Amino acid sequence: MNEVAYLGPRGTFTYEATQALFPKTDFQHTPCNSIPDVLTAVDQGEVAYGVVPVENAIEGSVNLTHDWLVHHVHVQVTGELIYPIKQNLMIHTQNRMLSPSRFTQVLSHPQAIAQCQSYLRKHLPNIDVTYVDSTAEAARQVAENPEENWVAIGPQSAGKIYHLSILSTDIQDYPNNFTRFIAVGKPWSHPSATPSGKKSSLLVTLPTDFPGALYRVLSSFAKRGVNLSRIESRPTKRKLGTYHFFIDAEQESNELDIIAAVDEIKAWGCQVRHLGSYPCYFFEKIGGTNRVDNRER
Ligand SMILES: O=C(O)C(=O)Cc1ccccc1
């Protein structure tokens, strides 16, 4: 069962990342309407693998992914892909000559809107924003409602699939825009690409908060020479000011040091969930293509 669930519909950035991580020649791709639906499908064993976005270079963490991993599912992270993100402003082809003052709404995923805040303030200052579950869903709604004069923000692949006109390319507010995607589910390795590195992801919850508590966690890794590439706090949702910490530890032949650091922080009361140890890939090195066949719909 080589089925991969991803945040769909076809044409999303997650779809492009899924094609790179799980080539169509070896895997069956299944679109889901939301990030929770992807993670739940994997957790329930309906599919073997899932792909979701976890962090963006401009907007930061995808909170929904983090929160669902903590509170709703127990899935293993099995891979990571750093993928280049270029946002585009797209419109139904019959409206492509409209003056921007006639656009009534911009639709997109919250992350995509957030990555283009300065662009929107400058070019579409008073436009209403409608958040939907993905960029390709935004493109679909624009394509199916030409009379509404809506515009969408998303990847060119979504524009191709839904036959939209690209009004403006590369509209994100900062260059070097990348999103980190994770694969979750059963153990897996890429059929042809060589990883650029390896990581272990942990979920750490302090027993109580006291001065230096977080320092004590971090120092357990630092004194063993373990590089922590990311630490992300998310509310426990139980009490204001209490957090879960997502920690990514770079892993290169230091697995025993990571295990020793985890044992040390557990010994004084931290709860630690091992989210996964997995290979990391860069899209440029996978040699994939992010072109999609827009004959399928
Ligand atoms: O909606 C999409 O296309 C997604 O895959 C989520 C997303 C949105 C913006 C940047 C990266 C991922």
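The residues of the shell around the ligand comprise 4 nonpolar and 9 polar residues and no charged ones, where Ala, Val, Leu, Ile, Met, Phe, Trp, Tyr, Cys and Pro count as nonpolar, Asp, Glu, Lys and Arg as charged, and the others, Gly among them, as polar. The structure is a predicted model, in which local features need pLDDT of at least 70 and side-chain atom pairs count only at pLDDT 80 or more, whereas totals for chains, interfaces and linings use all residues. Residues are numbered from 1 along each chain as its sequence is written, and side-chain values use heavy atoms, with hydrogens and water left out.

The ligand is surrounded by 13 residues, of which T12, F13, T14, S134 and T135 are the closest; a residue is near a molecule if one of its heavy atoms lies within 4 Å of it. Polar contacts were taken as pairs of N or O atoms within 3.5 Å. A backbone N or O atom of F13 is 2.8 Å from an oxygen atom of the ligand, while a polar side-chain atom of T14 lies 2.5 Å from a ligand oxygen atom, and for T135 a polar side-chain atom is likewise found 2.5 Å from an oxygen atom of the ligand. Taken alone, the ligand exposes 310 Å², and the protein buries 99% of that area, as computed by the Shrake-Rupley method with a 1.4 Å probe.

The ligand sits in the largest cavity, a cavity being a set of points, on a 1 Å grid over the protein atoms alone, where a 1.4 Å probe fits but cannot get out; a molecule sits in a cavity if more than half of its atoms lie within 2 Å of its grid points. Two or more residues of the shell around the ligand are given by each of the elements α1 (13-21) and α4 (110-114), with helices (H or I, at least four residues) and strands (E, at least two) defined as DSSP runs numbered from the N terminus.

In the loop between β1 (3-7) and α1 lies P9, which is joined to G8 by a cis peptide bond with omega of about 5°. D170, located in the loop between β10 (164-168) and β11 (178-185), has phi near 55°, a positive value in a residue other than glycine.

An unreviewed UniProt entry places "domain: Prephenate dehydratase" at residues 3-186, a span that is 30% helix and 32% strand, with its end C-alpha atoms 11 Å apart. For "domain: ACT", UniProt (unreviewed entry) lists residues 202-279; the latter span is 29% helix and 37% strand, and its end C-alpha atoms lie 15 Å apart. UniProt positions are in the numbering used here, feature names are shortened, and annotations may be inferred rather than shown by experiment.

Key
A polar contact is a pair of N or O atoms within 3.5 Å; within protein, one must be able to donate a hydrogen and the other to accept it, and residues adjacent in sequence count only if both atoms are side-chain atoms. On a 1 Å grid over the protein atoms alone, a cavity is a set of points where a 1.4 Å probe fits but cannot get out, and a pocket is an open set with protein on both sides within 12 Å along at least five of seven lines; lining residues have an atom within 4 Å of a point.
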